[in-house]
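Colleague: I am new to this one. Could you walk me through how to read its features?

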Amino acid sequence: MEEAGKLSPLPDANRKAEGFNPLCGDHFTVFLQLDNDTVTDISFEGSGCAISKSSASMMTASLKGKTKSQAQELFAQFQRLVTNQTSEADEEANLGKLVVFSGVCEFPVRVKCAILAWHAMMSALDQKNDTVSTE
């Protein structure tokens, strides 16, 4: 059985980034092991609401084994999903279990919760050192 998301630092991470939402207190660090343009392992640690933690967990499960460009595309698709800018066919064909977050668009304040870890992941992919925020 495949492990869901990892809520711990990744000892062999060669990239990491932090995400923080000062208005609600969600705070995550995403750790990536990127080898030859492929995410060979990914984890996170931090705290936040149920939406942000479940999104981060499902993100790690979804991205392991993906190339950098596939990870970037999945980020874009997920962002469209939680902001209600995607079609049902796009959701089902490309997002798999991540479609459970489709209802988040009904609660605009919660979109920031769902997308925070994803923004941190993108920052880690791009090797940026800034803390990302959804504010």
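Modeller: We take the aromatic rings, then the strands. Keep in mind that this is a predicted model.

Colleague: How many aromatic pairs does a search of the whole structure find?

Modeller: The search finds 3. Let us take two of them in turn.

Colleague: How are the rings of Phe 78 and Phe 101 arranged?

Modeller: Read two values: the distance between centres and the angle between planes. Planes over 60 degrees apart count as edge-to-face. Here the centres are 5.6 Å apart and the planes stand at 75°, so Phe 78 and Phe 101 make an edge-to-face pair.

Colleague: Where in the chain do Phe 78 and Phe 101 sit?

Modeller: Phe 78 belongs to helix α2, residues 68-82. Phe 101 lies in the loop between α3 (88-95) and α4 (108-125).

Colleague: Are Phe 78 and Phe 101 buried or exposed?

Modeller: Look at relative accessible area; buried means under 20%. Phe 78 has 0%, so it is buried. Phe 101, at 5%, counts as buried too.

Colleague: And what kind of pair do Phe 78 and Trp 118 form?

Modeller: For this, planes must be under 30 degrees apart to count as stacked. Phe 78 and Trp 118 have 15° between their planes and 4.4 Å from centre to centre. That pair is stacked. Again distant parts of the chain are linked: Phe 78 is in helix α2, Trp 118 in helix α4, 40 residues apart. Both residues are buried.

Colleague: Which residues form one aromatic cluster?

Modeller: Phe 78, Phe 101 and Trp 118 do.

Colleague: Now the strands. How many bridges join β1 to β2?

Modeller: There are 6, and the strands run antiparallel. β1 covers residues 15-20. Glu 18 stands opposite Thr 29 in β2.

Colleague: What lies between β1 and β2?

Modeller: They form a hairpin with 6 residues between them. Check the turn for a positive phi: Gly 25 has one of about 95°.

Colleague: What about β2 and β3?

Modeller: They are antiparallel as well, joined by 9 bridges. β3 spans residues 38-47. Asp 35 stands opposite Thr 38 in β3. This hairpin has 2 residues between the strands, and Asn 36 takes a positive phi near 50°.

Notes: Residues numbered from 1 in each chain as written. Predicted model: local features only at pLDDT ≥ 70, side-chain atom pairs only at ≥ 80, totals over all residues. Heavy atoms only, no water. Phe/Tyr/Trp six-rings, centres within 6.5 Å; stacked < 30°, edge-to-face > 60°. Helix = DSSP H or I, 4+ residues; strand = E, 2+ residues; numbered from the N terminus. Buried < 20%, exposed > 50% of the residue type's maximum accessible area, 1.4 Å probe, protein only. Pairing = 2+ DSSP bridges.
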